[in-house]
Amino acid sequence: MNTRNTGRRGTGTAVTMTLGIAALASLAATYAVGLSLPRTYEQGDYSKLIAIHPGIAWASYVAFGVTALASALWLWPRTRSLAWDLLAGASAEVGVLFTALTLITGSIWGRPTWGAWWVWDARLTLSALELMLLLGYLALRRVPADSEVRARRSALAALLAVLVVPVNHYAVQWWRTLHQGGSLSLTPKDALDGKFIFAMVLGFLAMTLVYAWLTVHRFRVAQLEEDLVDDDLDAALEARRREAVTA
Amino acid sequence: MWRDAALVAGKDLRIELRSRVALNQVAPFAVLVLVLFAFALDPDRDVLVRAAAGLFWVAVLLSSLLAVQRSAALEANDGVADSQRLSSLDPAGIFLGKAAAVALQLAVLEVLLGVGVVVLYDVHLKGVLTLVATAVAATVGLAAAGTLYGVLAAGLRVRETLLPLLLLPVVAPVLIAATRASEAALTGLSLDVTPGDWLRLLAVFAVIYLAFGVVAYGALMEDS
């Protein structure tokens, strides 16, 4: 029935294959380098988390930014295309993964360092709010609608959510710093030596590549879904036409 | 735009005057929330006094969900949305009108909740001016953001469950800032808080969402 035979099309190409290999290789390198970091006096083995945690957090910001940018490009009449909407959705989904991982790895690091899984630090609170914003955005996307309607609705919702991020930033910053001073800092600035910086930068690279890889595939799956809807519609139309001819 | 805003606000408030939904349902709900907080926390040990500002604003936030939902529901039935689109009303005017109506209802609600906090939690207000400034800035922001998300979710079948998820993380800074700004004034305790920055943050929030609404409300109305 499917005129375009979508069943045979995958989401991989030579480019994504290369991207995937690069992502996995850099992830493996991060793993190796991260584990080879020396124990530190204050944090013991936990300081090795510096190889992945900042990189994951960075990728979550990238995801948020790409969703916002793609939404803006959809809203801009000259660049309006369904692709931007699908990219915004794909990036937001991968963004949820990275934001959740940020919170999880942060908690694992926070437990031995601060003595609690969760502290009401400004950055933690901001990440938690971002996760909620992303979940709300994705819930809105999942509401069945015509693709044009869904695209406009989601793009506006994304921009609305992005607008609040700076306000959120200052709110939680002042909220936490007015009361207890900047006693908490997520990066041990003074103690960073070359090895740690190298591991951290490698982590940034690896997480960015993983983000890009996942997002490209998710984007293509979304495109295939759209094609499938079109094909089903074509097939249904075709069936009705045949009925009309035979009747 | 302003004339349209006045028309729409007048319409919404007239409907409220006749149907009394906010008065008969939302206001008792808000007071009920205050009472529930007293059940949850120990009313005898000053906990309520110290937390009064936060509890007050949480009650306002929860009630604003209902007010926004009601405001959006007015447009969702009887083909009102379609006729509004066909009418020559300026979308920016419709937005400002609806937001103004919600803001006015919230303001009345806040006065009621303020009395509730004083009576039920035994707090002594001081600095009424700070309180009024906070309430105005926070209410405008809540009404603007709420009206936007209200129309965004209005046409959806899952609006009751989706609206809180969309709106609450967005208005979280309002809760933080309004609580801090009004803490000293509302609880009567001497606290080391300067309300100035928080008030500015509330004002920025309100301006951002008002501006966004004026620009984008037309596009949001189209898809429901």
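Predicted model: local features only at pLDDT ≥ 70, side-chain atom pairs only at ≥ 80, totals over all residues.
The chain A average is 83, and 89% of the residues score at least 70. Now select helix 2 of chain A, residues 53-75. Among the elements of chain A, helix 2 has the highest mean pLDDT, 91, while helix 5 of chain A has the lowest, 79.

Two stretches of chain A deserve a separate selection. Residues 1-6 of chain A have a pLDDT below 50; in the model this stretch makes 12 contacts beyond near neighbours in sequence. Residues 178-186 of chain A also have a pLDDT below 50, and here the model shows four contacts beyond near neighbours in sequence.

Next, show chain A as a cartoon. What does its secondary structure come to? There are six helices and zero strands in chain A. Followed along the sequence, the pattern of chain A reads α-α-α-α-α-α.

Chain A has 247 residues, of which 37% count as buried. Take the contacts in chain A with a separation of 6 or more: 81% of them are accounted for by residues 24 or more positions apart.

Now go to helix 5 of chain A, residues 147-180, and pick A:Ala157, which lies in this helix. Is A:Ala157 buried or exposed? A:Ala157 counts as buried because 24 other C-beta atoms lie within 10 Å, and the cut-off for buried is 20 or more.

Show what surrounds A:Ala157. With neighbours within four places in sequence left aside, A:Ala157 is in contact with A:Tyr137 and A:Leu140 in chain A, and with B:Leu152 and B:Leu166 in chain B. For a distance to draw, take A:Arg141: from A:Ala157 to A:Arg141 is 16 residues in sequence and 9.6 Å in space, C-alpha to C-alpha.

How many residues of chain B are in contact with chain A? On the chain B side there are 24, in contact with 24 residues of chain A.

Select helix 6 (128-154), helix 7 (159-187) and helix 8 (195-222) of chain B. These are the elements that give two or more residues to the side of chain B that touches chain A. Helix 7 of chain B provides the largest share of that side, 10 residues. Finally, colour the side of chain B that touches chain A by residue class: 21 residues are nonpolar, three are charged and none is polar.

Technical notes: Residues numbered from 1 in each chain as written. Chains lettered and ligands numbered in written order. Helix = DSSP H or I, 4+ residues; strand = E, 2+ residues; numbered from the N terminus. Buried ≥ 20, exposed ≤ 12 C-beta atoms within 10 Å, placed from the backbone. Contact = placed C-beta atoms within 7 Å. pLDDT = per-residue confidence, 0-100. Nonpolar A, V, L, I, M, F, W, Y, C, P; charged D, E, K, R; others polar.
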